[in-house]
Amino acid sequence: MNKLYGLIGYPLSHSFSKKYFANKFQNEKISGCAYDLFEIDTIKKVEQVFEKKNLKGFNVTIPYKHEIMEYMDDFDHSAKKVGAVNVVKINNDGSRTGFNSDYYGFRKSLEEWMPRSFKSNALILGTGGAAKAVEAVLKDMSIPFLKISRHTTKGDQTYEILKGNPTLFDDYHLIINTTPLGMAPKIDALPDINYKRLNDQCYLYDLIYNPAETRFLGEGKKFGAKTKNGLQMLELQAEKSWDIWNS
Ligand SMILES: NC(=O)c1ccc[n+]([C@@H]2O[C@H](COP(=O)([O-])OP(=O)(O)OC[C@H]3O[C@@H](n4cnc5c(N)ncnc54)[C@H](OP(=O)(O)O)[C@@H]3O)[C@@H](O)[C@H]2O)c1
């Protein structure tokens, strides 16, 4: 094995990335590469990961997407814009560059899905880590948006205020769920918006990929909205990591 990649985080019991790269290496007959899980209970232990022989880069998951930033020498546009790193590249001179592949995954999937003529505003439901990547993409694509939170201090509006505006979806056609509501195993949950007011001009994007159709998307469909789940974003962000490490 002459190229080592992997994932740091804690805990790492359900890793999409490990399976993704094992399949990729097999299907594309890529030899000499390994993708390992580095479960570390404190970010300080990343130093041991950096010492691994033939390490070319790794993915970063919860809870280290911010803490890893102090171990980087520089950042690309995506990481600067989002303020978090989920891909680390070890350059040929040993220096370390931080990237955010959620930014690229979300952007490419949105550009492929939305019509080029789209001219409306967006609502981002939730204000966590994934929302930051969504926010950065919408800014770069010049799509105006509101951040919706349960708390008055965290977003631009609360769900309560949204529900009091019956014509809201006339001006906000793109609605992106970045909350974990509806994710397996709690598949009955859904964000608290007025689904009956949705219409066939609306686009509902759920970052969740399991289940493939959340209740958020199911309710949207009932009222004519176009829907998309988070699977393509997930695959695109993994593939982007590979491109980063091998460019
Ligand atoms: N498809 C992909 O490639 C991809 C990539 C990244 C993440 N994701 C998915 O995106 C989702 C969010 O990930 P994350 O890392 O951003 O999580 P996170 O940091 O925990 O943030 C989620 C946000 O959702 C809101 N929220 C949490 N619990 C809620 C509840 N019970 N009711 C209403 N709102 C709630 C919170 O915002 P407020 O406190 O402001 O309400 C919170 O900040 C997960 O399902 C994750 O699997 C998918």
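Guide: We will go through helix packing, the ligand shell and some backbone details. This is a predicted model, where local features need pLDDT of at least 70 and side-chain atom pairs count only at pLDDT 80 or more, while totals for chains, interfaces and linings use all residues. Residues are numbered from 1 along each chain as its sequence is written.

Visitor: Which helices supply at least two residues each of the shell around the ligand?
Guide: They are helix 4 (101–113), helix 5 (129–140) and helix 9 (231–245). Helices (H or I, at least four residues) and strands (E, at least two) are DSSP runs, numbered from the N terminus.

Visitor: Which residues come nearest to the ligand?
Guide: Of the 25 residues around the ligand, those are G126, G128, A130, S149 and G230. A residue counts as near if its C-beta atom, placed from the backbone, lies within 6 Å of the molecule. The shell has ten nonpolar, twelve polar and three charged residues. Here Ala, Val, Leu, Ile, Met, Phe, Trp, Tyr, Cys and Pro are nonpolar, Asp, Glu, Lys and Arg charged, and the others, Gly among them, polar.

Visitor: How do I read the packing of two helices?
Guide: Two packed helices are described by the angle between their axes and the distance between the axes. Axes are lines fitted to C-alpha atoms, for helices over the stretch in contact, and angles run from 0 to 180 degrees between N-to-C directions. Helix 4 and helix 9 pack at about 130 degrees, with axes 8 Å apart. That makes helix 4 oblique to helix 9; angles under 35 degrees count as roughly parallel, over 145 as roughly antiparallel, 65 to 115 as roughly perpendicular and the rest as oblique.

Visitor: At what angle do helix 4 and helix 5 pack?
Guide: The angle is about 55 degrees, and the axes are 9 Å apart. These two helices are therefore oblique to each other. In their contact (C-beta atoms, placed from the backbone, within 7 Å), D102, Y103, F106, R107 and L110 of helix 4 meet A130, A133, V134, A136 and V137 of helix 5. By class, that contact has eight nonpolar, no polar and two charged residues.

Visitor: What about the backbone?
Guide: Most residues other than glycine have a negative phi, and most peptide bonds are trans. In this model, the bond from I62 to P63 is cis, with omega near 10 degrees, and P63 is in the loop between strand 3 (57–60) and strand 4 (74–75). Another cis peptide bond joins A184 and P185, with omega about 5 degrees. N54 has a positive phi, near 65 degrees, and lies in the loop between helix 2 (46–50) and strand 3.

Technical notes
Contact = placed C-beta atoms within 7 Å.
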